[in-house]
Amino acid sequence: MKKIAMLALMLVLAVSLLLASGCGKTENPLATITLSNGDQIMIYLYPDKAPNTVTNFIYLANSGFYDGLKFHRVVNSTLIQGGDPEGTGTGGPGYFIEGEFSANGYTQNDLSFTAGTIGMARFSNSQGAEDYNTAGSQFFITVINKSSSYDGYYAGFGRVFSGQNLVTQISQVPAHDNESPKTDVVIKTIRVETYGVDYGAPKTIPLS
């Protein structure tokens with residue numbers, strides 16, 4: 001009995017040390033995209049890579065901004081895109097955020113666009129040129145690796161850890177010529193578990 005009690009005490013001490021050192025603690029915010037049919041895509045977000053981008057996504061998601069929106073763009077077995085309240089690829093939250101990627105002078109974000117990476121979509125100006133500071137609410141999730149053309153030019157800010165098969169299935173929904181799905185794929189909710197961390201509101205850029 002004494003040996004059992006000693007082993008139990010040692011186990012309690014070991015667990016206490018692990019918790020005190022931060023081992024086993026979830027540090028990354030966890031985003032859950034729940035579709036209208038109940039299926040879920042779960043994504044770890046990386047505030048150490050793109051802090052304001054993550055803050056913006058959490059701010060919008062937990063305020064209910066994404067509820068009821070759809071994936072308005074699907075590129076077969078390549079990527080899916082959502083987060084537009086207009087459903088046309090032209091809408092946003094009424095503001096922009098700065099692009100946190102190296103082409104925009106931001107070197108902290110080294111997240112590569114491998115399969116399952118979530119990134120922020122951007123607009124182009126009237127001349128068709130890239131505008132690096134025009135992300136708002138629209139996001140995309142990659143199905144295949146896009147690192148050669150996307151790395152350093154889009155703000156990746158998380159990666160799918162559960163439900164990547166659903167991302168692939170959505171990307172294969174038949175689409176019109178403008179890449180809008182012929183059958184709506186609706187987001188019921190997006191919520192982010194922050195594990196007690198208050199990320200506050202994002203730094204924004206007014207629409208010009």
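A: Happy to. S2 and strand S7 (residues 156-162) pair in the antiparallel sense, with four bridges. Strands here are DSSP runs of E, at least two residues, numbered from the N terminus, and two strands pair if DSSP finds at least two bridges between them. This is a predicted model, where local features need pLDDT of at least 70 and side-chain atom pairs 80 or more, while totals for chains, interfaces and linings use all residues. Residues are numbered from 1 along each chain as its sequence is written, and side-chain values use heavy atoms, leaving out hydrogens and water.

Q: Which residue of S7 is the bridge partner of isoleucine 43?
A: That's valine 160.

Q: And how many bridges link S1 and S2?
A: Five, again in the antiparallel sense, with S1 covering residues 30-35. Leucine 30 has tyrosine 44 of S2 as its bridge partner.

Q: What does glycine 38 do in that hairpin?
A: Glycine 38 takes a positive phi near 95°, in a hairpin with four residues between the strands.

Q: Switching topic: how much space is in the largest pocket?
A: About 350 Å³. A pocket is an open set of points on a 1 Å grid over the protein atoms alone, where a 1.4 Å probe fits, with protein on both sides within 12 Å along at least five of seven lines; lining residues have an atom within 4 Å of a point. The volume is the space filled by probe spheres set on the points, which are joined across faces, edges and corners.

Q: Which residues are closest to its centre?
A: Of the 24 lining residues, Arg73, Gln81, Ala121, Arg122 and Gln138.
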